[in-house]
Amino acid sequence: MKAVVYDEVGGPEVLHLADVPMPEPGEGEVLVRVLAVAVDFIQLHIRHGGSGRIGSPKEPAYGLAPLPRIPGGTACVEVVEIGAGVSNVSVGERHLTGGLRPGSYVEYGVVSASGLSLGTRDAPGPTAIPSNFGPVEAAAFDYAPVAFHTLRVAAGLTAGESVLIHSAAGGTGVLAVQLAKHFGATVIGVASSDEKLDVVRSLGADHTINSLEADVIEETLRLTDGEGVNVVWDPVGGDVFEQSPRAMAEGGRLVSLGSNSFTGTGTVEFWSFWVKNLRLIGWGGRSNADAHAPEIMRELIDLAEAGRLRPVVGGRYPFGEAAEAHGAIEARRPIGKVVLTP
Ligand SMILES: NC(=O)c1ccc[n+]([C@@H]2O[C@H](COP(=O)([O-])OP(=O)(O)OC[C@H]3O[C@@H](n4cnc5c(N)ncnc54)[C@H](OP(=O)(O)O)[C@@H]3O)[C@@H](O)[C@H]2O)c1
């Protein structure tokens with residue numbers, strides 16, 4: 001079968017198509033056909049030789065397969081064969097899942113059946129997909145649970161509050177903007193071009209800031225009459241993380257969920273944390289599972305099926321153009337989530 005592989009770490013150009021052995025499902029596993037794969041930002045870091053734990057050079061091999069390597073990420077898959085001892089999954093079912101072996105940029109992959117669950121209509125499982133989505137839209141919806149959980153549960157965003165959403169035109173950001181509006185918040189979206197900001201506004205953002213043209217902190221303070229925002233949603237890290245406390249209101253919460261700047265560290269000044277009683281919330285690990293709880297999946301699927309929460313596909317590329325897809329993200333061109341198809 002065909003897969004997208006890299007034999008050495010480096011820029012997008014190291015990605016190429018290759019023939020790899022077809023995997024076979026072992027006990028407790030199923031064979032799936034990949035229909036569409038979301039390009040996960042962390043895969044860029046790993047492809048460049050990072051650990052995936054940005055800023056953690058002590059663990060260069062953390063959880064990574066040796067080279068040559070096939071990138072991972074969330075895929076919309078269809079079950080084609082059931083391994084021994086599997087009774088919870090049927091052939092023909094579609095799931096939205098990561099954890100594929102030998103990777104996600106493959107025609108066929110093997111995945112543990114224990115993580116696959118469509119659940120019921122009232123209590124959808126973690127791999128359920130809104131019924132109105134085809135594979136590409138489903139893949140672009142991959143981090144809707146992350147957007148929901150970071151804002152609602154981790155940061156405790158409530159109606160009437162304000163939120164500053166960095167990378168608002170990113171694959172997850174476009175969902176975060178819509179969900180923050182759904183929660184009743186005033187949304188300030190940040191992105192690096194006016195074209196991106198047009199889309200962010202069309203998704204419901206009340207205010208937008210061009211990060212390359214304006215001082216995001218000063219503009220946020222101006223938009224909030226000097227008060228600052230209640231919540232900062234930060235998938236960028238680095239300077240953005242360091243500066244954000246200045247734009248936060250009394251009792252504000254900063255949720256750090258990623259480092260799109262590839263900067264694994266940030267220094268915060270204690271002073272603003274003390275005088276404004278700020279809270280810094282790290283998000284990851286186990287929260288990823290918590291984000292797929294049935295009540296969250298139910299709300300997300302209801303919103304999606306009602307047309308009130310839509311993924312934004314920032315580009316659709318065949319596997320043979322995976323290098324172009326990764327290159328576009330590194331050039332910060334796409335609006336929304338880039339999706340690969342076999
Ligand atoms: N902690 C966890 O367990 C966990 C789980 C899932 C996802 N995440 C994180 O969630 C975030 C969102 O993931 P995603 O896959 O949807 O990514 P994404 O947000 O689509 O990433 C692309 C965006 O990053 C922004 N960006 C900022 N600095 C950049 C740079 N130096 N180079 C390229 N882009 C840059 C770009 O926005 P502008 O050009 O507008 O600035 C672009 O829209 C990521 O940080 C990811 O690691 C974390």
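The axes of H3 and helix H10 (residues 294-305) come within 10 Å of each other, crossing at roughly 115°. H3 is therefore roughly perpendicular to H10. The crossing is right-handed. Keep in mind that this is a predicted model.

Who does the touching here? On the H3 side the contact uses Ala 144, Pro 145, Phe 148 and His 149, and H10 brings Ile 296, Met 297 and Leu 300. Sorted by class, the contact of H3 with H10 has six nonpolar residues, one polar and no charged.

H3 (residues 144-154) also has a crossing with helix H4 (residues 173-182), where the axes come within 9 Å and cross at roughly 50°. That angle makes H3 oblique to H4. The crossing of H3 and H4 is right-handed. From H3, the contact takes in Ala 144, Ala 147, Phe 148 and Leu 151; from H4, it takes in Leu 175, Ala 176, Leu 179 and Ala 180. The class count for H3 with H4 is eight nonpolar, no polar and no charged residues.

Now for Trp 233, which sits in strand S10 (residues 229-234). Is Trp 233 buried or exposed? Trp 233 counts as buried, because 33 C-beta neighbours lie inside 10 Å. Setting aside neighbours within four places in sequence, the contacts of Trp 233 are Thr 150, Leu 151, Val 163, Leu 164, Ile 165, His 166, Ala 176 and Val 255. Leu 151 of H3 and Ala 176 of H4 are also part of the contact between those helices. Then there's Gly 189: Trp 233 and Gly 189 are 44 residues apart in sequence, and their C-alpha atoms are 9.8 Å apart in space.

Most residues other than glycine have a negative phi, and most peptide bonds are trans. Here are the exceptions worth a look:

| Site | Feature | Value |
|---|---|---|
| Leu 67 to Pro 68 | cis peptide bond | omega near -5° |
| Arg 101 to Pro 102 | cis peptide bond | omega about 10° |
| Ser 167 | positive phi | phi about 50° |
| Phe 262 | positive phi | phi about 65° |

Where do the two prolines fall? Pro 68 is in the loop between H1 and strand S4 (75-82), while Pro 102 is in the loop between strand S5 (94-97) and strand S6 (108-112).

Ser 167 has 26 C-beta neighbours inside 10 Å, so it counts as buried. Phe 262 lies in the loop between strand S11 (248-256) and helix H8 (270-276). With 15 other C-beta atoms within 10 Å, Phe 262 is partly exposed; the cut-off for buried is 20 or more.

Last up is the ligand. How many residues surround the ligand? There are 27 of them, and the closest are Gly 170, Gly 171, Ser 192, Gly 258 and Gly 284. Helix H1 (41-47) and helix H11 (322-330) each supply at least two residues of this shell. By class, the shell around the ligand splits into 11 nonpolar, 12 polar and four charged residues.

Note on methods:
Residues are numbered from 1 along each chain as its sequence is written. This is a predicted model: local features need pLDDT of at least 70, side-chain atom pairs count only at pLDDT 80 or more; totals for chains, interfaces and linings use all residues. Axes are lines fitted to C-alpha atoms, for helices over the stretch in contact, and angles run from 0 to 180 degrees between N-to-C directions. Helices (H or I, at least four residues) and strands (E, at least two) are DSSP runs, numbered from the N terminus. Angles under 35 degrees count as roughly parallel, over 145 as roughly antiparallel, 65 to 115 as roughly perpendicular and the rest as oblique. A crossing is left-handed if the near helix is turned anticlockwise from the far one by less than a right angle, and right-handed if clockwise. Two residues are in contact if their C-beta atoms, placed from the backbone, lie within 7 Å. Ala, Val, Leu, Ile, Met, Phe, Trp, Tyr, Cys and Pro count as nonpolar, Asp, Glu, Lys and Arg as charged, and the others, Gly among them, as polar. A residue is buried if 20 or more other C-beta atoms lie within 10 Å of its own, exposed if 12 or fewer, and partly exposed in between; C-beta atoms are placed from the backbone. A residue is near a molecule or strand if its C-beta atom, placed from the backbone, lies within 6 Å of it.
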